Amino acid sequence: MAKMKFMEAIRETIRQEMAADPFLFLIGEDVGKYGGERGVTGDLWYQFGDDRIRDTPISETAIIGCALGASMTGCRAIVEIPFNNFLGVCMDQIFNQAAKIRYMSGGQAQVRLVIRTTMGGYVGAAAHHSDCLASWFVHIPGIKVVVPSMPDDAAGLLRAALRDGNPVIFFEHHGLYYVVGDVPDDPDFVVPLGKARLIRKGSDCTVVATALQVHKSLEAAIRLAAEGIDIEIVDPRTLDPLDQETILASVAKTRHVVIVHEEWVTNGYGSEIAAIIADKGIHYLDGPIKRVGAKHVPIPFSPPLENYVLPQVDDIVRAVKAAIRNEEPKSRPPFEGA
Amino acid sequence: MIDSSYKGREMRLNMNMTDPRTVGLSKEELLSLYRMMLRIRRFEERVEQLYAHGKLPGFVHLYIGEEAIATGVCSVLRRNDFITSTHRGHGHIIARGGDLAKMMAELFGKSTGYCRGKGGSLHITDMSLGVLGANGIVAGGIPIAVGAAYGAAKIRHTDQVAVAFFGDGATNEGAFAEACNMASTWKLPMIFVCENNYYGVGTRLGRVAPTEDVTVRASGFLIPAVSVDGNDVLAVRTATIEALTRARANEGPTFIECKTWRHRGHFQGENPSYMYGKEHELWLARDPIRRFAEALLETGFATQEELDKIDSTIQEEINRAVEFAEMSPMPEPETALEDVYA
């Protein structure tokens with residue numbers, strides 16, 4: 001074990017995997033000499049050189065295409081897109097090309113491609129640099145979606161993604177980059193895709209949370225505990241594949257559920273998780289499924305505006321109480337308007 | 001060979017093609033170019049017929065009239081080189097040595113097709129022949145070809161070359177510009193082959209671009225560009241040889257504009273009257289296959305009997321392909337759920 005920042009866990013995993021496979025390379029804007037826009041790639045360029053830590057023009061479409069073409073012809077590729085908002089300009093190469101080429105070729109193509117990108121708000125970066133867009137990709141078959149919340153998961157999930165042999169999009173919340181945790185030294189340490197993590201055991205309400213919201217949920221847990229409410233926090237870690245089993249088992253135990261993500265609530269992946277719970281676990285529930293996420297506006301710049309729009313610990317606390325308070329209505333109430 | 005005299009609608013069409021005696025090819029080599037072009041043509045004609053009879057689902061975009069380009073380019077590629085293809089891709093796959101039976105089966109939506117019935121006409125591909133997909137998105141394959149070239153030159157250290165086929169319409173896409181910049185900056189072993197047939201669906205190139213000379217698009221990225229008669233298989237072949245030499249010598253990409261014309265509309269079922277007129281008639285008279293046949297006959301490389309025999313052999317091959325496709329089973333519906341992930 002080594003104490004490591006989330007960012008370092010990613011960098012060291014890349015270093016180990018690249019050292020082990022000369023056909024693995026990393027490509028993106030400012031990833032080389034500059035060390036990465038967020039500093040994630042750091043000194044890798046000095047170790048691996050221009051060809052394998054490839055600085056690119058600001059051409060997201062060609063970056064994804066370049067990584068994809070190489071990955072289909074015997075290489076493995078990691079792309080870094082510094083802000084997930086920039087995925088909008090290269091969406092075709094991701095959802096029409098990378099995600100579908102294997103299927104459309106009847107299984108002929110193998111795409112060994114990981115797209116790393118940064119997401120998240122809370123720093124006044126406004127609507128072109130603050131979104132969380134994982135929901136877009138959960139909607140598309142053919143690309144796996146990873147949203148780590150802890151340094152060890154970042155390492156283990158990234159390694160699993162690199163070895164997966166499918167296109168994977170890996171969302172790094174910038175607010176987690178300096179979170180420190182224990183990361184196994186084992187160069188084969190893998191966290192399998194599709195396996196949720198029980199972050200906190202509890203008995204009164206399940207909180208399904210991802211990325212930075214896992215940490216906000218932990219804060220909420222402390223405040224709720226002071227009021228005698230004991231929440232269980234489940235981090236799915238990967239959204240496609242999604243560990244329905246662990247989520248449903250937790251809901252069956254606590255009988256209440258709140259889903260928290262920084263993505264917009266409307267059609268966010270929390271809606272899909274809610275639908276799965278309603279479909280397969282409605283009999284376990286003693287209250288409504290509550291969702292917490294961004295309000296349905298572009299993420300604003302000014303701190304009071306942004307704080308109002310993005311989910312806060314208060315919102316999670318309120319949602320848990322609302323989920324629990326609705327316990328077992330004696331008779332079905334009439335519809336009183338949404 | 002290089003004719004830069006085309007200026008919009010005032011194009012002067014050269015009726016002569018390269019003299020087969022001047023390119024240093026044997027009779028058998030020349031006949032194999034003829035055979036390949038004719039194989040593409042006959043395949044497409046049969047597809048046209050089957051489609052008209054309602055035997056094939058989906059869309060079909062025919063390559064008829066453009067056969068010299070795929071044939072000329074692919075005739076000088078190595079087995080392990082790469083290409084990316086387009087929605088009008090049948091010719092590229094055939095020119096790479098694609099299996100007509102598996103192609104036909106795919107067009108029928110059969111389980112024995114190249115893509116197990118998941119791709120269809122626009123997406124027939126054979127990765128074992130280095131075909132990295134035929135693409136339904138205009139310019140979608142060009143960045144992928146950049147990646148194949150990057151992987152070969154910078155990561156795997158081989159001398160493989162990647163060829164991106166695309167139409168004139170793709171030169172107006174951002175993906176094309178980004179790919180040109182990258183390939184040129186890193187001197188990647190790549191060939192940009194623009195099949196300029198002057199129409200993006202139903203809109204004339206000159207109506208949506210400041211010039212119909214697409215080579216100027218490459219010049220801005222310092223990519224050497226040549227313009228060739230795309231209906232002259234020998235001219236296409238010669239230009240490709242030069243480009244391959246540059247690519248394998250690490251001198252970077254080349255842009256080859258192949259001026260050509262569709263004999264059919266953008267897709268089958270469309271009314272291509274927007275193309276009709278004197279220009280259309282001139283281009284039909286410049287049919288790449290008939291011209292080449294005439295050149296071979298005039299120069300004594302072939303007799304009419306030899307050419308007829310090639311034709312009948314191809315017809316038999318296509319009959320067998322159709323028979324294979326018709327006899328093949330439809331896919332089991334549940335196989336729709338396979339092949340999403342490795």
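Student: What is the bridge partner of A:Glu80 in β5(A)?
Tutor: The bridge partner of A:Glu80 there is A:Arg116. Please keep in mind that this is a predicted model.

Student: In which sense do β4(A) and β5(A) pair?
Tutor: They pair in the parallel sense, over 5 bridges. β5(A) also pairs with β7(A) in the parallel sense, over 6 bridges.

Student: How many residues of β5(A) are buried?
Tutor: The count is 7 of the 7, so β5(A) is largely enclosed by the rest of the structure.

Student: And which of its residues point which way?
Tutor: A:Leu113, A:Ile115, A:Thr117 and A:Met119 point one way from β5(A), while A:Val114, A:Arg116 and A:Thr118 point the other way. All of them are buried.

Student: What is the strand order of the whole sheet?
Tutor: The open sheet in chain A has 7 strands in the order β3-β2-β4-β5-β7-β6-β12, with mixed pairing. Its edge strands are β3 (53–55) and β12 (238–240), each of which pairs on one side only. From one strand to the next, the twist averages 20°.

Student: How do β6(A) and β12(A) run, parallel or antiparallel?
Tutor: They run antiparallel and are joined by 2 bridges. A:Val145 has A:Asp240 in β12(A) as its bridge partner.

Student: Which strands does α7(A) touch?
Tutor: α7(A) packs on the sheet and touches β4 (76–81), β5 (113–119), β6, β7 and β12 of chain A. The direction of α7(A) makes about 160° with that of β7(A).

Student: Changing topic: what does the domain assignment of chain A give?
Tutor: It gives domain 1 (2–183) and domain 2 (197–325). Their C-alpha centres lie 26 Å apart. Across the boundary, 24 residues of domain 1 are in contact with 25 residues of domain 2.

Student: Which elements supply the domain 1 side?
Tutor: α6 (134–138), β6 (144–146), α7 (151–162) and β7 (168–173) of chain A each supply at least two residues. By class, that side has 13 nonpolar, 8 polar and 3 charged residues.

Student: Lastly, how many residues of chain A are in contact with chain B?
Tutor: 35 residues of chain A are in contact with 36 residues of chain B. On the chain A side, α3 (60–71), α4 (91–98) and α5 (101–104) each supply at least two residues, and α3(A) gives the most, with 8 residues. The chain A side divides into 15 nonpolar, 17 polar and 3 charged residues.

Technical notes:
Residues numbered from 1 in each chain as written. Chains lettered and ligands numbered in written order. Predicted model: local features only at pLDDT ≥ 70, side-chain atom pairs only at ≥ 80, totals over all residues. Domains from an automatic or database assignment. Contact = placed C-beta atoms within 7 Å. Helix = DSSP H or I, 4+ residues; strand = E, 2+ residues; numbered from the N terminus. Nonpolar A, V, L, I, M, F, W, Y, C, P; charged D, E, K, R; others polar. Pairing = 2+ DSSP bridges. Axes fitted to C-alpha atoms, helices over the stretch in contact; angles between N-to-C directions. Buried ≥ 20, exposed ≤ 12 C-beta atoms within 10 Å, placed from the backbone.
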